[in-house]
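Student: Can we go through a protein structure together? I'd like to ask about its inside and its rings.

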Amino acid sequence: MRSSCSCAWLPFFNNTLSPEREDCLGFARDELALGLRGLGLSVPVSLNQTGDGEGFSIQADGEGWSVSGGEQGLLYGVYRLLIRLSGGLDPALPLTQPRFELRMINHWDNPSGLVERGYAGHSLFFSNGVFSYLPERVRLYARLLCSIGINTVCLNNVNVHTPADRFIMPEYLPELAKIASLFRPFGIRLLVAVDYSLPARFEPGTADPLDPAVQAWWKKTIDRVYQTIPDLRGFLIKADSESRPGPYLYGRDHAQGAKLLSVPLAKHGGILVWRCFVYNCKQDWRDTATDRPKAAYSNYTHLDGRFDANVILQIKYGPFDFQPREPLSPLLLAMPRTGKALEVQLAQEYTGQQIDLYYMPPQWEEMLADMKGANVRHICAVSNIGDDFNWTGHDLAQANLYAYGRMAWEGTACAARFGGEWIKLTYDLAMTEHDTLLDMLMDSREIYVQYTAPLGVCWMVTTQSHYGPQPEGYEYTAWGTYLRTTSDLLGTNRTETGTGFILQYPPAIQEKYADPAECDERLLLFFHRLPYTFRMRDGRTLIQRIYDDHFLGAARAGALTDRWMSLKGHIPEAVYAHALERFERQAANAREWRDIVNTYYFRYSRIQDERGRVIYE
């Protein structure tokens, strides 16, 4: 019986690491031999280096296999071969190339060791204000990421806190270089989140991007960084966002701000990842004209064509902020002359915090369907990793990390296939138990949405913690996230007659959502403000649909516990017990959501549940 230990979906390695090598081909051979030995196989496998790309192919070769590809591609090919052999799949693959060029994990780790929105323990890299890590654990992590095709890791939080603001300065660069050396054999390059205002604390005394002294400071600093870490992928910037400083402070736009860094980075082959999470976080609640989902599109589309080629705009998948269900950000479909990256959040900030089960690929399938034809060549994910024994807090949350890497490579989410692969690699289950676990994964996203926010309504979570229900927690705060529920109406009109957000989409998507009678009902209240008596397509009233969903979602969440209990004896005992505790907490959370949200809407509407179930006054 396989255990969900630190090997995660690579149990055949049994936590054993190959010696460190500078030679990538030699390292691939070492990993291949180690993996085959762990699988108890002695099949011959040849490695044939062809070029220097990331792609690879696997072909039958007599009684064994032949892996061909570039230097990095060979290592990817070795892991894919081992994974397919371990999962009982035919290893043969034609030439396969990654769909996304940059495939990044963003850690929101702070030097203190705490992880912002982290739900799997403390940082793998920092503690008490300094670099602090177990090299073996970092290398195990690098192996996990490489096995699913990740090629870039940003170690530190986009909200750069002291002393992380000095990581690119001489006193910290040697430590950063040591971490880079642990990832390097796996073909993973580091990216560093930097503080845009850093030069203001030195001789320039300002961070104005058009000031020659500031430009010279950044050139000198970046040159020094690359002398220490020549293969650094580049920098990540969060500017003019949630009180972070940026070029707006100096009356400059973000294209001017980005050029300050992109020009000296380009000299070294470095990239600049620029987050587009820019909105008014100090909006007066009385302001009904400002609609936060419009912000990213409004801030950036007029700058198309003005960013350098090595700049990548990192855009959250939805126009709000990693909500359980929201439409695709229209910015991802705009700016055809600008490099863009899709940003998703593996850390379950709004999706159950690795307590509640929430398998993400079904959501990604929806996203990618709307992204067809968009020139998005890069992808990033906020990490769900910490120093917990199982990496991800909830053992089953590992499936999200695995599926993310597979999606980043293939460009499709394939929720059932990726979930099935992960289960086969991680647990040794008969088909009945395998199907039970896969069904739990596949059902989990819809269950969570049913017992939380209804039909595309966002921001009903508890303020600060973002776990559990608090429907009006943000209603009168400055964060621009308002429900504006009344005794007659709920939802937000974002059509042409409302905030106009819908006009940011191409015509085909506008048509998809514009008419409440035709709008995807799962997003009905994101786009429309409607009476409680509005008739859904199945004949139910809107308020009855809300009641029904919350009762059903809570019941289904409770049933997850029973389904998990049916796996007792088939899952390693420590994993079984740990996850069971999580499912019991989820069931309690779902009941709170059910009762609080139903009561919230009942108190406004005064409409009784047609089925006579308990809704509290």
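Tutor: This is a predicted model, and we will take the core, then a loop residue, then the aromatic rings.

Student: Ok, how many residues are in the largest nonpolar core?

Tutor: That core has 204 residues, and those with the most contacts inside it are Trp-9, Phe-183 and Trp-564. Helix α15, residues 573-605, gives the most to this core, with 11 residues.

Student: What does Phe-183 touch?

Tutor: Leaving out residues up to four places away in sequence, its contacts include Phe-125, Tyr-141, Ile-188 and Leu-190.

Student: New topic. Where is Thr-392?

Tutor: Thr-392 sits in the loop between β14 (378-382) and α9 (398-410).

Student: Buried or exposed?

Tutor: Thr-392 has a relative accessible area of 1%, so it is buried. A polar atom of its side chain lies 3.4 Å from the backbone nitrogen of Gln-398.

Student: Now the rings. How many aromatic pairs are there?

Tutor: The structure holds 42. In one of them, Trp-217 and Trp-218, the ring centres are 4.9 Å apart and the planes are at 85 degrees, so the pair is edge-to-face. Trp-217 counts as buried because its relative accessibility is 13%, and Trp-218 is buried at 0%.

Student: And what about Tyr-505 and Tyr-513?

Tutor: Their pair is tilted, with 6.4 Å centre to centre and 50 degrees between the planes. Both residues are buried, and they belong to an aromatic cluster that also includes Phe-320 and Trp-459.

Student: Which ring does Arg-143 lie over?

Tutor: Arg-143 lies over the face of Phe-13, 3.7 Å from the ring centre. Arg-292 lies over the face of Tyr-279, at 3.8 Å.

Conventions
Residues numbered from 1 in each chain as written. Predicted model: local features only at pLDDT ≥ 70, side-chain atom pairs only at ≥ 80, totals over all residues. Heavy atoms only, no water. Core = buried A, V, L, I, M, F, W, Y, C linked by side-chain atoms within 4.5 Å. Buried < 20%, exposed > 50% of the residue type's maximum accessible area, 1.4 Å probe, protein only. Helix = DSSP H or I, 4+ residues; strand = E, 2+ residues; numbered from the N terminus. Contact = heavy atoms within 4.5 Å. Polar contact = N/O pair within 3.5 Å; in protein donor to acceptor, adjacent residues only side chain to side chain. Phe/Tyr/Trp six-rings, centres within 6.5 Å; stacked < 30°, edge-to-face > 60°. Lys NZ or Arg CZ within 6 Å of the ring centre and 35° of its normal.
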